[in-house]
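Me: I've got this one open and would like to talk it through with you. Can we start with the overall fold and then work down to the details?

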Amino acid sequence: MPELSEEYKDAVMQSWEEVCKKIRDNGTELFIRLFQEHPEYQDYFKELKGYTMEELRTNKQMRIHGTRVMHALSSMIDSLDELDVAAGIMRKTIDTHFDVNVKTIVQYEDMFALMPQFMKDQAGDKYTEAAAAGWKIVTDVLISVSKERLAELQAQQAAMTSTLSEEHRIGVTQSWEAVCKNIRDNGTELFIRLFEEHPEYQEYFKELKGYTMDELRTNKQMRIHGTRVMHALSSMIDSLDELDVAAGIMRKTIDTHFDANVQTIVQYEDMFALMPQFMKDQAGDKYTEAAAAGWKIVTDVLISVSKERLAELQAQKAAMG
Ligand code: HEM
Ligand code: HEM
């Protein structure tokens, strides 16, 4: 993240303080300018639709919203000495707005594009050259984190709405049923394959450390764990007609594993990467083309929700210090 020089940061803060002396009027003014340039944006606001600009200037809902936006911006400007905090607030803003249908970067770019003229008009001589240069850096950073966050949200939405076709779902379910006929052996087999490819993962398991693969095949702790994993996977496969439930179970799995020190996506990706061959070997002719295509969609969704949940947990952990 680019560092703001002290000079730029102070200049941005001082110009913003000036604008905030008239926070309600100026918040209203900013959105009126946005609506004048892009009348279609007024429609995002249920309570503001249809009013003229003159009416909006005194409309209480407009003034409430303008004031909230200004305070949200202030919370970012106040954090310029810790740019990742400012960026984190912007990410949260993107999340709340995604739910009210503001889903592309264009709206934010259009709003930030108004800033130079807006700041010049409202901050007067506090909008120095240093302030202008500082604002450019700040808005570039905010736009860049916004783009990144929007891409994540859009990918998630695409994954969640790419409902499995009936054919894919049946392929996945029937191949899984075939594998579950031999649930304890196959659960053990899956983890043995994982340990063979990634010996370091055996270390996560207190009770399995140091055993050879042959010993693990009959080790009771291994068979207990393998069976529990298979049942957890079954609970997701059973919910494929309600993908958000399957995703919710995966999120819970991420939570319990976070406490057992499995804290990055890599381990899950490595495990899911084994699935095509594992399913092929264990499900035989039930692993049809439709099943293979369905498994690809399912594991992509599970990896995508896992990534999201891990990012939340990592952020929480970082915040706790
Ligand atoms: C950095 C830029 C922005 C900030 C800091 C911001 C801030 C806020 C805040 C604080 C709220 C109150 C609810 C909440 O906490 O989420 C809000 C609501 C909202 N914002 Fe923004 N906003 C920004 C940009 C935009 C843009 C560009 C649009 C659309 C063109 C927009 C549309 C809305 C809508 C539709 C609501 C819900 C209004 C309601 O019905 O209460 N915002 N915004
Ligand atoms: C979708 C994939 C996975 C599922 C569904 C799953 C499921 C489970 C379940 C049901 C348990 C029992 C405890 C609990 O309820 O949390 C468990 C424990 C555990 N899992 Fe997983 N697991 C998965 C992937 C992984 C991966 C990739 C690793 C490491 C490479 C791992 C390591 C562990 C460890 C260390 C424990 C604790 C074992 C113990 O000491 O009891 N799991 N897992």
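Me: How many helices and how many strands does the protein have?
Reply: This is a predicted model, and in it the secondary structure of the protein comes to 16 helices and zero strands.

Me: What radius of gyration does the protein have, next to a compact globule of 321 residues?
Reply: The protein has a radius of gyration of 26 Å, whereas a compact globule of 321 residues would have one near 20 Å. Taken along the principal axes, the C-alpha atoms fill a box of roughly 80 × 45 × 25 Å.

Me: And what share of the residues is buried?
Reply: Buried residues make up 26% of the 321 residues in the protein. As for the contacts with a separation of 6 or more, 76% of them are accounted for by residues 24 or more positions apart.

Me: Which domains does the assignment give?
Reply: The domain assignment gives domain 1, covering 6-161, and domain 2, covering 166-320. Their centres, taken over C-alpha atoms, are separated by 42 Å.

Me: How many residues are in contact between domain 1 and domain 2?
Reply: Four residues of domain 1 are in contact with seven residues of domain 2. On the domain 1 side of that contact, three residues are nonpolar and one is polar, with no charged residues.

Me: What does the UniProt annotation cover?
Reply: The unreviewed UniProt entry carries the annotation "domain: Globin" for residues 3-151 and for residues 163-311. In the model, the span 3-151 is 75% helix and 0% strand, and its end C-alpha atoms lie 24 Å apart.

Me: Switching to the ligands, which residues come nearest to ligand 1?
Reply: Of the 17 residues around ligand 1, those that come nearest are Tyr41, Tyr44, Ala72, Thr96 and Gln107.

Me: OK, and what surrounds ligand 2?
Reply: Ligand 2 is surrounded by 17 residues, of which the closest are Tyr201, Tyr204, Ala232, Thr256 and Gln267. At least two residues of the shell come from each of helix H12 (220-237), helix H13 (243-259) and helix H14 (265-273), and the largest share, five residues, comes from H12.

Me: What about the classes in the shell around ligand 2?
Reply: The shell around ligand 2 consists of 10 nonpolar, five polar and two charged residues.

Me: Now the backbone: what phi does asparagine 101 have, and where is it found?
Reply: Asparagine 101 has a positive phi of about 75°, although it is not a glycine, and it is found in the loop between H5 and H6.

Me: Why does asparagine 101 count as exposed?
Reply: Asparagine 101 counts as exposed because it has 9 C-beta neighbours inside 10 Å, and the cut-off for an exposed residue is 12 or fewer.

Me: And asparagine 261, where is that one found?
Reply: Asparagine 261 is found in the loop between H13 and H14, and here too the residue is not a glycine, yet phi is positive at about 75°. Asparagine 261 has 9 C-beta neighbours inside 10 Å and therefore counts as exposed.

Definitions and conventions:
Residues numbered from 1 in each chain as written. Chains lettered and ligands numbered in written order. Predicted model: local features only at pLDDT ≥ 70, side-chain atom pairs only at ≥ 80, totals over all residues. Near = placed C-beta within 6 Å. Helix = DSSP H or I, 4+ residues; strand = E, 2+ residues; numbered from the N terminus. Nonpolar A, V, L, I, M, F, W, Y, C, P; charged D, E, K, R; others polar. Domains from an automatic or database assignment. Contact = placed C-beta atoms within 7 Å. Rg over C-alpha atoms; globule rule 2.2 N^0.38 Å. Buried ≥ 20, exposed ≤ 12 C-beta atoms within 10 Å, placed from the backbone. UniProt positions renumbered as here; feature names shortened; annotations may be inferred.
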